[in-house]
Amino acid sequence: MNTVVPISLYVSVEVIRFCHSLWINWDENMYYAHNDTPAKARTTTLNEELGQIEYIFSDKTGTLTQNIMTFNKCSINGKLYGDVFDENTGEPIVITEDTKPIDLSFNPMHEAKFKFYDKTLIEDIRNGDPYVYEFFRLLALCHTVMSEEKAGGILEYQAQSPDEEALTSAARNFGFVFRNRTPASVVIDVMGHHEVYDLYCILDFNNVRKRMSVILRKDGVLKLYCKGADSVIFERLDESCTELKHKTLEHLNKFAGEGLRTLCLAVKELDEESFERWKEKFHAAATSMEEREEKVNAVYEEIEQNLILLGATAIEDKLQDGVPDAIANLAMADIKLWVLTGDKQETAINIGYSCHLLSDEMVDIFIVDATNYAEVANQLQRYRESIANVLAHSQGNTSCNVVRFHNDLNAVESPVDPTGGFALVVNGHSLVHALEESMELLFLEVACQCKAVICCRVTPLQKALVVDLVKRHKGAVTLAIGDGANDVSMIKTAHIGVGISGQEGMQAVLASDFSLAQFRYLERLLLVHGRWSYFRMSKFLRYFFYKNFAFTLCHFWFGFFCGFSAQTVYDPNFISCYNVFYTSMPVLALGIFD
């Protein structure tokens, strides 16, 4: 048996895999010249599995999109800013490169690259609208951005996320300039006037809270400024904001329908007595030795109540180049793409249409947005029946076949789906119930019958649970791709992890098996390198066993003539050198270059 399966087989496989990794690293078609980033194989053991991928789980922000944020529109106290209207007809104007932006020269700290087109916002700032002032004060104060003043008085911001940088820069361009911070204070300039705020506490953002707050004092007035996802801010608003909430929600839906990322802003005045009591509770929670994080979050929750809504922001994050074509080609290869994002449902759906994951030809787009177990189960069962009815109807009335000719010798018939397929959109609060053990198979059955699946408002843990669900029950090879720290759990859970080296640091890349600069390179990684590696390894193994069986068969045949006396037909030195010297190069050349 040592001649049929020799140790050189293992060595040859590792050499071939190493060379396949070099082909990926050296591929100029996956090199991104804009930031000098090549593709990189961080492992040598998974190349052939790239050719067997059936499911791709992708983040949206920074993976499908550029993660370069620009402040586009906003809603302040129920008034929408950002749209441009014709002065004569009152009709909205489509903004193009020829559209003239507003003049921000009144502000010496404005950035030349910043463009905004609605002059009514500047007019309200100049008129001293208190709501507009409070809105931009919040953007200038409620963040964790660090400032640095370069030579020549140039002010630069360093932020943990592109969203924070975009919002702080927007406030700066409209005259509300964040200057610097210390552990106990924050300094801003408001239309040229210096303002210093005492900083008491920062209530950190995380993927569960989906919001952040700061507690500040100026001129004896203690305020809490809060910004976060609309779903969590609206739950904590004061009853007096009901009408404003409905107006702002209309604007949020409009923003999301245009594919913009949204955040809500709110404020609350605090009285000294209640703040001192809360401060004691916070200190006790922060110094607790057991369940510290849960206790701190509970204390945060206590003070972030009865907020007064200020408005909402809308940030544009454009698609990366080549994403629609890459998704279309992956779909043609029968690879299913699931998008797992923390964005709003409407924003996720709009991006789905932009990247051709969703299309108007689809029979239906099923939306699971219920908030309790029974309603989620009812929605999924109803969608399963709808899919079964459509498929049964189409199979009963049509019998559509396509004939493909291979080498003009054989005709192969394959059925074509006469429908446009289905899509499933699941909200994060519904996904909590859908991933329960008693419902996960129903959810998986419905999802796997859809051409596209989008999960929105999901946490990093939910991303990993969705990947694990498919791994456990489908037995398929899965791939997860993302660019940020919130995608690390998903990347590690999948069979193969791909990290995008983008704007959010290197956490995803460091946790991944392969790193790329752009999503579009995933198409070449799977359909070229993955396919070639799979074919080459298959041919190598067949060739390797063929030449070893041919060699061993001579020994077996000679045994009939020597009475199976263990006498060898070849010299022992020849036997030792057969796999190492005489036959190693042909099989390696086939496995590496074919």
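1. Nine strands make up an open sheet in the order S4-S3-S15-S14-S13-S12-S11-S10-S9, with antiparallel pairing; strands here are DSSP runs (E, at least two residues), as helices are (H or I, at least four), numbered from the N terminus, and two strands pair if DSSP finds at least two bridges between them. At the edges stand strand S4 (79–81) and strand S9 (176–182), each having a single partner strand, so one side of each has no neighbour in the sheet. From one strand to the next the twist averages 25°, where axes are lines fitted to C-alpha atoms, for helices over the stretch in contact, and angles run from 0 to 180 degrees between N-to-C directions.

2. This is a predicted model, in which local features need pLDDT of at least 70 and side-chain atom pairs count only at pLDDT 80 or more, while totals for chains, interfaces and linings use all residues. Residues are numbered from 1 along each chain as its sequence is written, and side-chain values use heavy atoms, with hydrogens and water left out.

3. Within the sheet, strand S12 (residues 211–218) pairs with strand S13 (residues 221–228) in the antiparallel sense over eight bridges, and Arg211 stands opposite Gly228 in S13. Helix H6 (residues 242–257) lies across S3, S4, S14 and S15 and runs at about 5° to S15.

4. Which residue does the UniProt annotation "active site" cover? According to that unreviewed entry, the residue is Asp59; positions are given in the numbering used here, feature names are shortened, and annotations may be inferred rather than shown by experiment. Asp59 is found in the loop between strand S2 (53–58) and strand S3 (70–76), and is buried, with a relative accessible area of 4% (buried means under 20%, exposed over 50%, partly exposed in between, with a 1.4 Å probe and protein chains only).

5. Leaving aside neighbours within four places in sequence, Asp59 is in contact (heavy atoms within 4.5 Å) with residues including Leu64, Thr341, Lys463 and Asp483. The side chains of Asp59 and Lys463 are joined by a polar contact of 3.3 Å, that is, a pair of N or O atoms within 3.5 Å, of which, within protein, one must be able to donate a hydrogen and the other to accept it, residues adjacent in sequence counting only if both atoms are side-chain atoms.
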